[in-house]
Amino acid sequence: MAKLVVEVLDANDLMPKDGHGSASPFVEVEFDGQRKRTSTKSKSLDPSWNEKLVFNIKYPKYLSTQTIEIFVYNDNKHGHHRNFLGKVCISGMSVPFSEEESVVQRYPLDKRGIFSHVKGDIALKVHALVNGGDNGDGESDATPLKEISNNEFDDDERYYKESRDKNKKKKKERELRTFYSLGGGYGGGDPPQPFFVEPRSDFALARPPSAAATVMKMQAPAGQKPEYGLVETRPPLAARMGYWGRDKSASTYDMVEPMNFLYVSVVKAMDLPSKDVSGSLDPYVEVKVGNYKGVTKHFEKNQNPVWNSVFAFSKERLQSSLIEITVKDRDVSKDDFVGKVVFDVPDVPQRVPPDSPLAPQWYKLLDKKGELIKRGDIMLAVWMGTQADEAFPDAWHSDAHNVSEQSLSTTRSKVYFSPKLYYLRVHVFAAQDLVPADKSRPPTDAIVRVEVCNQGRTTRPSQMKSVNPEWNEELMYVAWEPFDELIVVSVEDNNVTIGRVFIPLRNVKLTETSKMPDAQWFALQKPAAAEDQIEMKKDKFASRVLLRLSIDSGYHVLDESAHFSSDLQPAANQLRKPSVGILEVGILSARNLQAMKAKDGKLTDAYCVAKYGNKWVRTRTLLDNLHPVWNEQYTWEVYDSCTVITIGVFDNCHISGGDAKDQRIGKVRIRLSTLETDRVYTHAYPLLVLTPSGLKKNGELHLAVRFTCTAWANMVAQYGKPLLPKMHFVQPIHIKHVDLLRHQAINIVAGKLARAEPPLRNEIVEYMLDVDYHVFSLRRSKANFHRIMALVSQIQYIYTWFEGVCHWKNPVTSILVHMLFLILVCYPELILPTIFLYFFAIGLWNFRVRPTGPHHMDARLSQADNAHPDELDEEFDTFPTTKVTDVVKMRYDRMRTIAGRVQSVSADLATQAERVLSVLSWRDPRATAIFIVFSLIWAVLLYVVPFQIVALLVGLYILRHPKLRYKLPPVPVNFFKRLPSRSDSLL
């Protein structure tokens, strides 16, 4: 018989229930009418069981329809009932059928009702064993072979009906049940399935504002696995619920769930008493709330220190009602107590933005007995606030209490702005009076090398072998404000520099139109050493080079792919159009993240990065958490609705220092034009990452998105304007420069953001900007081919429908088409109105099946869920390749095979085109003569016979009944295929 094994490992941060700040928890598991429990761990809020509970699975094929319910209780031996500590519901759909595929997952404990007080999480490992196996107790069941009877199928059907009836009864209960799925292990296994919640129509009544999100339905494209689909949620956001009857405009921070924090601002102290024999004092402040303790930096020999530090403690995790703020003296052996201030948490005032910040006040220090000391005052401010408080981004957070002071900055939320980029044009015309290194002969291969920071280009060698060479070549670069760099122009001959000039970038003229500035002569200096400076001064005649320099501010510098760019505005401020709306994004939470640091015995230190336009945002890092909750809201101005916002999730690998790269967890793209205005979209997006071993799902990202239009007329008018600025069409950039300039722009943005604090490192910027989007990928080529075939299939569908009409497969449709054709022939002025009316009707018909959520990463469209391992290995290979010769040879042969097919298709297209051109070219004299005689006859016929009659006859001939048709191709097709092409002239 099949077995279900539920391994209960441990739990963390449980709610105390025994009245003494502790609990005696045990776990009870229910499955298919079976109930088992673990032992009781007395007096522990972080119990560890490490026990396996084994259940019988009567019908394994119906396991996906069943539910595993895990309850955590407090063993109240002195009471009449046990205390509820939390529960978890796991869908049987995601239970793996082998112990190797199962991994340890931590699940947050859910409430049982409105008045339940629950916190903490539990670690579980669940798997099923079919036909015996390890059942957790060292026993193994062997199922003997037996004859299959029809009664077993009746039992299966009866069991399915009973389980379905049970589910119906459970739905009638007023209980909100959250289901979780079991994720695959780090580095392998099946990807985790998205969590979902049993839909309830009364969720708004049954849930407090702090409850978890309720998932309403899953949206997965046809052919895509359900775990890769989009999940619509219903979190209790103020933007959606209207502040529970209050005015929505009362606050702008309405796209996230409010999170309450206790803020302690330590400003400064004065006249602190000394504790050392020498009379000096090295003070610092320790803020302690329960088990959480925050410490400021210390000052040496300073009795009037200024700290200006803010500490934030999550209200949900407060374990004490006292706030102890202690001033201590740093010492070598043991820190000395200086004084303290104590606050009661219930007495702390509440502050809600846009209220002004709370003014700090002076407090007298107390000794250990609670009595005033003679000297010493400290300035403090203590208040209750939310994540909307302006002190939130720079505050020390209690969830990062074990992070060093050097790494603390890498955990904070920040907003970045990438530099403003411009295109720099350097047109090299000519040079005069060059002095070659070998004066016995003139320059033979003179080139000009132009360098701007790390960007270097060279012209082609001049065709004029003289001291006055000419090039007439244009080079392009990416420049950025504030234009502090130098343009280095060098003239070289046979790799020897014979002249150089340095031009400050700030001296170059900015142009907004296609009118170029005048060219200028620049004197070249000899690249001499220091001892040759005297000889340089004796030269009365210097070489020079003719250049035209301009900084084009009328272009938009592309640092993203043009297909999903987030900004299309020109660099010049005076050319920019006003904004058309506001984009608000609430980064709520993530679920079922993979343990990215499982090899180090840790979980995941997750943070999010969002990029739209030149504004980047980074959320705070939540340490060692597979279900992080950020609830941070950000706002962008929108200048074009046909743009895309990108949101990525990463694992912070710099908490403990070192040079390790932050790991990718996944990213989401949302196109703004697919969003309805003033509607709040709350969805859980799958975090998909393509690795050399295949597609991997690393969890789900929960977002709230709202696009608000502020200028309807301008937004509608944009649909008739080009995407890129005017200069891209008046003076287009050559295709050979586009990819190189984009690569340079990415390097500049990455270099600038990497110098911020905390830095956005190169791997983050490159992943968000898709730096490798242009690199060849056989998987991506297949995806693009299938996209083309999907469009062709629409044309094929229309052709099949028309062929069915012609062959009278549906007589009613054929008769209606004949009637419509006769009406249009008799009244040709109705043709265009009929076509546009048809488009209008089709649009209205498709409105009922319109997408209800934004588009997201499609694994099936990307050909990622069934990609061949060798194709992925080739996609992630370096350039140039580092593979062995046999692998490269195999891939080259495969490329030749694919190229041969493409060559055949292109040859067929060229053949058909050449046949069209050969109709009147007399390449086949008989075919051309037949065609021109036929044309003459039709010209006379159409001149004599009215056009409506001709159209009627041709249409009736095309729509003729199948009995009047022949199976052979028609005469025009036969004539066209006999026309000559130039394929016989190829070698």
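**Side-chain contacts, surface patch and backbone features**

The charged end of Arg 848 lies over the ring of Trp 845, at 3.9 Å from the ring centre; a charge is taken to sit over a ring if NZ of Lys or CZ of Arg is within 6 Å of the ring centre and within 35 degrees of the ring normal. The model is predicted, so local features need pLDDT of at least 70 and side-chain atom pairs count only at pLDDT 80 or more, whereas totals for chains, interfaces and linings use all residues. Residues are numbered from 1 along each chain as its sequence is written, and side-chain values use heavy atoms, with hydrogens and water left out. A further charge over a ring is found at Tyr 284, where the charged end of Arg 330 is 4.8 Å from the ring centre.

The structure contains 19 aromatic pairs. Rings of Phe, Tyr and Trp (its six-membered ring) are paired if their centres lie within 6.5 Å, and planes under 30 degrees apart count as stacked, over 60 as edge-to-face and the rest as tilted. Phe 26, Phe 71, Tyr 73 and Phe 84 are linked by ring pairs into a cluster.

Salt bridges number 45 in the structure, a salt bridge being a side-chain nitrogen of Lys or Arg within 4 Å of a carboxyl oxygen of Asp or Glu. One of them joins the side chains of Arg 860 and Asp 865, with an N to O distance of 2.9 Å. Arg 860 is partly exposed at 33% relative accessibility, while Asp 865 is buried at 17%. Here buried means under 20% relative accessible area, exposed over 50%, and partly exposed in between (1.4 Å probe, protein chains only).

Asp 870 and Arg 891 form another salt bridge, with the closest N and O atoms 3.5 Å apart. This pair links distant parts of the chain, since Asp 870 is in helix α12 (residues 869-875) and Arg 891 in helix α13 (residues 885-917), 21 residues apart. Helices (H or I, at least four residues) and strands (E, at least two) are DSSP runs numbered from the N terminus. Both partners are buried, Asp 870 with a relative accessible area of 16% and Arg 891 at 7% relative accessibility. A salt bridge is also formed between Lys 883 and Asp 873, whose closest N and O atoms are 3.2 Å apart. Because Lys 883 lies in the loop between α12 and α13 and Asp 873 in helix α12, the pair ties together parts that are ten residues apart in sequence. Lys 883 is partly exposed at 33% relative accessibility, and Asp 873 is partly exposed with a relative accessible area of 26%.

A nonpolar surface patch is formed by Trp 801, Phe 802, Phe 934, Trp 938, Leu 941, Leu 942, Phe 947, Val 954, Tyr 957 and Ile 958, which together have about 1000 Å² of accessible area. Two or more residues of the nonpolar patch come from each of α9 (778-806), α14 (925-944) and α15 (947-958). Patches consist of residues with over 30% relative accessible area and no salt bridge, with like charges joined within 9 Å and nonpolar side chains (Val, Leu, Ile, Met, Phe, Trp, Tyr) within 5 Å. Accessible areas come from the Shrake-Rupley method with a 1.4 Å probe, and for residues only the protein chains shown count as cover. Ile 958 is located in helix α15 and is partly exposed, with a relative accessible area of 37%.

Zero disulfides are present, a disulfide being a pair of cysteine sulfur atoms within 2.5 Å. Cys 642 is partly exposed, with a relative accessible area of 24%, whereas Cys 806 is buried at 5%.

Two cis peptide bonds are described here, one between Glu 481 and Pro 482 with omega about 15° and one between Glu 757 and Pro 758 with omega about 0°. Pro 482 belongs to the loop between β26 (470-480) and β27 (486-493), and Pro 758 to the loop between α7 (735-753) and α8 (762-768). Phe 483, although not a glycine, has a positive phi of about 60°; Phe 483 is found in the loop between β26 and β27 and is buried at 10% relative accessibility. Asn 494 likewise has a positive phi, near 55°, in the loop between β27 and β28 (496-504), and is partly exposed with a relative accessible area of 36%.
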